[in-house]
Amino acid sequence: MKNASTVHRALLRPHAGHGPRCAAAPRERFAARAALLALAVLAACGDGGGSAELSGPASDPPAVLAFREAFETQRYDLVPALVEDLERAAAAAPDDPRVGLTLALANLWGAAEISRIGGDPAREATHAFDALAQLESASRLAPDDARIDGFIGAVRMRIGLRVGDADLVARGLAEIEAGIARHPEFNAFVAILVLSRLERDDPRFAGTFAAIERTMAACELPVSEATPALALEAPRKDVSGPDRVCWNGPLALHNWEGTWLFVGDAYAKAGRGELARALYGNAQLFESYASWGFRPLLEERIATADELAARFSDDDPSNDPELVADSAVQCAVCHAR
């Protein structure tokens with residue numbers, strides 16, 4: 001196991017935002033850190049319905065529909081213009097939760113996949129701080145949308161880890177936990193994303209696997225460490241209820257495939273290559289796999305699972321593989337067409 005001195009190396013690229021406890025961590029402090037704010041868009045693979053409440057119907061505002069189109073076609077270059085358009089739409093309709101939350105997601109995407117443009121700490125920080133403020137506003141506009149609990153909690157937790165604020169970390173974890181109570185299918189997955197990015201020797205990393213168990217239980221999937229490989233006949237067709245997050249949906253065509261990348265990565269990081277391989281294999285169950293653009297990535301993971309696990313387990317942090325949760329395709333693996 002790696003030495004504890006590596007706890008905050010570059011592999012851990014935290015979420016960020018601003019909240020009541022963040023006065024001691026101004027934008028300049030965050031922007032000065034080169035590895036700062038590689039923020040996962042937590043809607044990416046946690047919600048089989050994606051942002052269904054925000055951007056599904058054709059009657060949604062044009063700025064919302066434009067974001068959906070760009071997000072699904074990976075037009076990351078359009079993020080600044082999308083944000084500006086959504087800001088104008090939000091100013092014109094300040095009480096519309098579809099616009100407010102879509103604006104937050106646009107900024108989350110801007111921070112999450114910043115490595116697509118080589119990285120930009122200042123821009124990353126701006127996106128992240130704005131996203132948190134917009135998430136808090138969206139929570140007030142849409143109090144029944146429990147996904148937002150997980151978004152906000154994850155952001156707070158990551159800030160706390162970066163600035164060494166244990167109270168903020170605890171607050172973020174509590175918000176995620178509260179979100180799990182309200183919407184376990186989504187927010188237990190949020191916990192996987194957040195906890196799996198911690199160092200292996202962080203005691204909280206082990207919580208990743210409890211979160212995986214909770215996700216599988218909420219989705220009624222018979223997956224465990226003893227029986228990791230699924231044998232389902234077909235994916236669920238009904239994606240309208242809370243358990244839509246467990247399956248592919250019209251706004252996240254490859255939610256199923258991407259989810260198993262995240263779950264398999266967690267076990268590879270834990271040094272359990274054989275188990276990771278079996279879990280990765282679940283991504284191949286359904287017809288949607290044939291049209292998934294990230295098949296080569298998944299198949300490489302399967303072929304090299306033991307090697308990945310060994311690299312995570314040795315004493316050299318410089319050779320650790322990149323988790324999909326830390327990559328420039330962390331959103332695309334579920335949402336790209």
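How many residues apart are Phe67 and Phe71 in helix α4? They are 4 residues apart, so about one helical turn separates them. This model is predicted.

**Aromatic pairs**
- The count of aromatic pairs comes to 14.
- Phe67 and Phe71 form a stacked pair, because their ring centres are 5.2 Å apart and their planes are at 20 degrees.
- Both residues lie in helix α4, which spans residues 62-72.
- Phe67 is buried, and Phe71 is buried too.
- Trp247 and Phe286 form a tilted pair, because their ring centres are 6.4 Å apart and their planes are at 40 degrees.
- This pair links distant parts of the chain, 39 residues apart. Trp247 sits in the loop between α11 and α12, while Phe286 sits in the loop between α13 and α14.
- Trp247 has 5% relative accessibility, so it counts as buried.
- Phe286 also counts as buried, because its relative accessibility is 5%.
- Ring pairs join Phe67, Phe71, Tyr76 and Trp109 into a cluster.

**Helices α13 and α14**
- Two packed helices are described by the angle between their axes and the distance between those axes.
- Helix α13 covers residues 273-281, and helix α14 covers residues 295-303.
- They pack at an angle of about 150 degrees, with axes 8 Å apart.
- Angles over 145 degrees count as roughly antiparallel, so α13 is roughly antiparallel to α14.
- The crossing of α13 past α14 is left-handed.
- From α13, Arg277, Tyr280 and Gly281 meet Leu298, Arg301 and Ile302 of α14.
- By class, this contact has 3 nonpolar, 1 polar and 2 charged residues.

Methods:
Residues numbered from 1 in each chain as written. Predicted model: local features only at pLDDT ≥ 70, side-chain atom pairs only at ≥ 80, totals over all residues. Heavy atoms only, no water. Axes fitted to C-alpha atoms, helices over the stretch in contact; angles between N-to-C directions. Helix = DSSP H or I, 4+ residues; strand = E, 2+ residues; numbered from the N terminus. Parallel < 35°, antiparallel > 145°, perpendicular 65-115°, else oblique. Left-handed = near helix turned anticlockwise from the far one by under 90°. Contact = heavy atoms within 4.5 Å. Nonpolar A, V, L, I, M, F, W, Y, C, P; charged D, E, K, R; others polar. Phe/Tyr/Trp six-rings, centres within 6.5 Å; stacked < 30°, edge-to-face > 60°. Buried < 20%, exposed > 50% of the residue type's maximum accessible area, 1.4 Å probe, protein only.
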